[in-house]
Amino acid sequence: MDQFTINLFFVGSSFALYIGIAIWARAGSTSEFYAAGRGVHPVTNGMATAADWMSAASFISMAGLIAFTGYDNSSYLMGWTGGYVLLALLLAPYLRKFGKFTVSEFIGDRFYSQTARIVAVVCLIVASTTYVIGQMTGVGVAFGRFLEVENTTGLLIGACVVFAYAVFGGMKGVTYTQVAQYVVLITAYTIPAIFISLQLTGNPVPGLGLFGNDVASGEPLLTKLNQIVTELGFNSYTSSNADTLNMVLFTLSLMIGTAGLPHVIMRFFTVPKVSDARWSAGWALVFIALLYITAPAVGAMARLNITEMMWPNGGVNGGAVAVEQIEKDPKYDWMHTWQKTGLLNWEDKNGDGKIQYYNDKNADMETLASEKGWAGNELTKFNRDILVLANPEIANLPGWVIGLVAAGGLAAALSTAAGLLLAISSAVSHDLIKGAIKPSISEKGELLSARLAMAVAIGVATYLGLNPPGFAAQTVALAFGLAAASIFPALMMGIFSTRVNNTGAVAGMLAGLVVTLVYIFLHKGWFFIPDTNSFTDADPLLGTIKSTSFGAIGAAVNFAVAYTVTGMTKETPQVIKDLVESVRIPRGAGAAQDH
Amino acid sequence: MSDNSSKNAYWSANMRIIKISLVIWALVSFGFGILLRPLLSGISVGGTDLGFWFAQQGSILVFLAIIFFYAWRMNRLDREHGVEEE
């Protein structure tokens, strides 16, 4: 069986499994569509949250970004897990006690304002749509590879699959499907990592192998990696090379964004009790940590494998890999399969029959390059998003592992895209149309508008995904910045302050959203349209603060504006203060109520 | 439902636990993982230093411990103050 057939088998059978489960547990009523009838155990809920959470960004993209930058991209690891602490301590139990279906319902009721609810809906839609763009980037990479087509074609096919999949059922279907997806994606992520860790370090636990010794040389793996990458003019893998302020703000943005994203928060509405909401956040992080502890090992080991593959004769002095070897040696087949997607390329610039891979941006390398006759880096394109999917091929693992990883990558992208589309559709149909524009809408009309909203969201995301503002995880990081600046502060103030009033909250959310969105558009192009940007992240508007890190500043603006405006306007009514008091106490949490 | 002073005591106990937890949360990530990394550079872990380990793995393990501690502690606090769900 050739690799294409194996991939098709793994992807096909995993899809058949998800769709089977979706049909078996199909959503009937509106309340089931949104919140799965509230009968979900904390462990099950945690696993489904983990699948929902770990998207193309975590599965496909993150390890690649870490691999090529090393320590400086640790922000992704800390940020996307540290947010769960905020979620568990500051939001989940209270929102569950409040007992409504959506985040914007809470904001609308707590700030006794239809405007606040609509503003929250707008914030959610902006953040979620940006998030879906990142997912579509990952979907394009995964489908492009496994169907062996160009990236753009892969993206269009993927978009159709995601849409069909999300329309199928509501959250109940999705909850059990996502448990299955979690199992597929964690297996797919871990198995190749175990193989590679065994090959390189002899340790079957990749997270430990990362800090273990390299079998070939006997030195620590990271020491060896540092040595071979610095020899080629790249930054040392383990040293801090990035700006500290930007790293702190970026990590913080990812953390508070995690706690402000609607599709994750919605999960905590579906557990039976307040005490379960606390446990659920913990279980979710257990299942997430299984991947996040492995990811840095995947990144470091892949970097080592790739670099050694480009310099197979013992580093710079042994000479680079020959073009002929890439053409003929089956070990290098992966380079050809990925070349087809347009995401990997190489070019023998100096015509010496070899491909030199080194950092040609490093001035220190110039002397060596001219001495050896190198004419610039010849591994001309290596898209970071291909690293995890290509990893088993690079390490020469058996065909079934490669097929499994393809299935896992798609599971990650699909489950999150489906969860986000659900959040967008409920924001539009439940909060905007039923809650504000036309309260008399029938249940059937509500479901129909939910599905229409999904179709529009995926259309926009696919269009923008064709020219994404960054690698999958970077685009997703922008979405987190937006959620951090708009939703998280409003929820925090709604629970921990009885003082902040309707006008304050609305002004805060708008200020946070607008300032962050403008900062992002200034650096990434207006509405993410390429070449409409005035600044770049390499040379940002404010000091060293990149657009991906601005969410934390946006959140600070949100808090400041909300408190200032509250101080100047009418006090919060007593009935709302009582509502806040009651949210703080678990007793009396009934089942959630629809409007 | 319990009276107001008991509710206030419950809430301030909760706030105290949250504050302690968040101090630890910030210390292991922003502290050991980023800002205080130079201070930990003397402690080596498998080819690198303790700060690198905290940034890539250690902080995540501590986050887990914080959440489970909080869930356990709060569910007990609910009962102590008689505000748990029936």
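Leaving aside neighbours within four places in sequence, M78(A) is in contact with T251(A) and, across the chain boundary, with S29(B), G33(B), A55(B) and S59(B), contact being defined by C-beta atoms, placed from the backbone, that lie within 7 Å. The model is predicted: local features need pLDDT of at least 70, side-chain atom pairs count only at pLDDT 80 or more, and totals for chains, interfaces and linings use all residues. Residues are numbered from 1 along each chain as its sequence is written, while chains are lettered from A and ligands numbered from 1 in the order in which they are written.

M78(A) belongs to helix α5 of chain A; helices are DSSP runs of H or I with at least four residues, numbered from the N terminus. With 29 other C-beta atoms within 10 Å, M78(A) is buried (20 or more such atoms; exposed, 12 or fewer; partly exposed in between).

In the interface, 41 residues of chain A are in contact with 38 residues of chain B. Elements giving two or more residues to the chain A side are α5 (74–98), α11 (221–231), α12 (244–258) and α14 (274–310). The largest share, 12 residues, comes from α14(A).

Within chain A, the axes of α7 (residues 114–146) and α20 (residues 443–465) come within 8 Å and cross at roughly 60°, the axes being lines fitted to C-alpha atoms over the stretch in contact, with angles from 0 to 180 degrees between N-to-C directions.

Terms used:
Contact = placed C-beta atoms within 7 Å.
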